[in-house]
Amino acid sequence: AMTIEQIEEFKREYFNAARVCKEAGFDAIEVMAGVGGIMSRFMSKATNNRTDQYGGSLENRCRLTVEVLQGVREVVGPDYPIVVRWSPVDFIKTDAGEGLDIEEAKQIVPILEEAGLDLHDLAVGWHETSVPLTTKRIEDGHWMWIAEQIKSVAKKPVAQGYRNTDPTVMEQNL
């Protein structure tokens, strides 16, 4: 587990990267909080077994992502777009339990939006999940139910690109 000092260093490096990207002329910042990265591992019950302010309750498990979002917002200013790529359903199971499911993810939506998110960029699952995510056996539009559920509670725009290659299917899911 990361120490509090390592968490603080992680945040400082993230804020610096956001500053550098903005100064370099990028049009937005994408905060990576999905597919099994550090922030998604904090948010998931399956991988977060911390007993401090970063573990336990949903609010505590989201704390690192919230602090990163708030810090990035402070660095880039109020009008600079911040996209958050996150995995509302991670399909991870460990001895500690199951990871994020759609009901808990819907509770995360307002937390991320209040912290400064401008766009939800949804990723399905994590890299190490045993659930097939993008194989040819998965039909176009199969994962749209996740975006639909997130959109049902989101006030900010929602994007998702898993298994959406057929323009007809994409139009049906607008």
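Buried here means under 20% relative accessible area, exposed means over 50%, and partly exposed lies in between (1.4 Å probe, protein chains only). These views come from a predicted model, in which local features need pLDDT of at least 70, side-chain atom pairs count only at pLDDT 80 or more, and totals for chains, interfaces and linings use all residues. Residues are numbered from 1 along each chain as its sequence is written, and side-chain values use heavy atoms, with hydrogens and water left out.

**View A. Two cysteines, Cys21 and Cys62.** Cys62 is buried, its relative accessible area being 0%. Cys21, in contrast, is partly exposed at 26% relative accessibility. A disulfide is a covalent bond between the sulfur atoms of two cysteines; searching the whole structure (for cysteine sulfur atoms within 2.5 Å) turns up 0 of them.

View B. Thr65 belongs to helix H3, residues 58-76; helices are DSSP runs of H or I with at least four residues, strands are E runs of at least two, and both are numbered from the N terminus. Thr65 is buried, with a relative accessible area of 0%. Beyond its neighbours within four places in sequence, Thr65 is in contact (heavy atoms within 4.5 Å) with Ala33, Met39, Met43 and Leu112.

View C. Most residues other than glycine have a negative phi. Val35, not a glycine, has a positive phi of about 50°. You will find Val35 in the loop between strand S1 (29-33) and helix H2 (38-43), where Val35 is buried at 8% relative accessible area. Phe91 also has a positive phi, near 55°, and sits in the loop between strand S2 (82-86) and strand S3 (93-94). Phe91 is partly exposed, with a relative accessible area of 26%.

**View D. Helix H4, from end to end.** At the start of H4, a side-chain oxygen of Asp101 comes within 3.2 Å of the backbone nitrogen of Glu103. Just after H4, Gly116 has a positive phi of about 130°.

View E. The buried residues of H4 include Ile102, Ala105, Ile108, Val109 and Leu112. Among the elements covering the buried residues of H4 are H2, H3, S2, strand S5 (119-122) and helix H5 (144-151).

How values were computed
A polar contact is a pair of N or O atoms within 3.5 Å; within protein, one must be able to donate a hydrogen and the other to accept it, and residues adjacent in sequence count only if both atoms are side-chain atoms.
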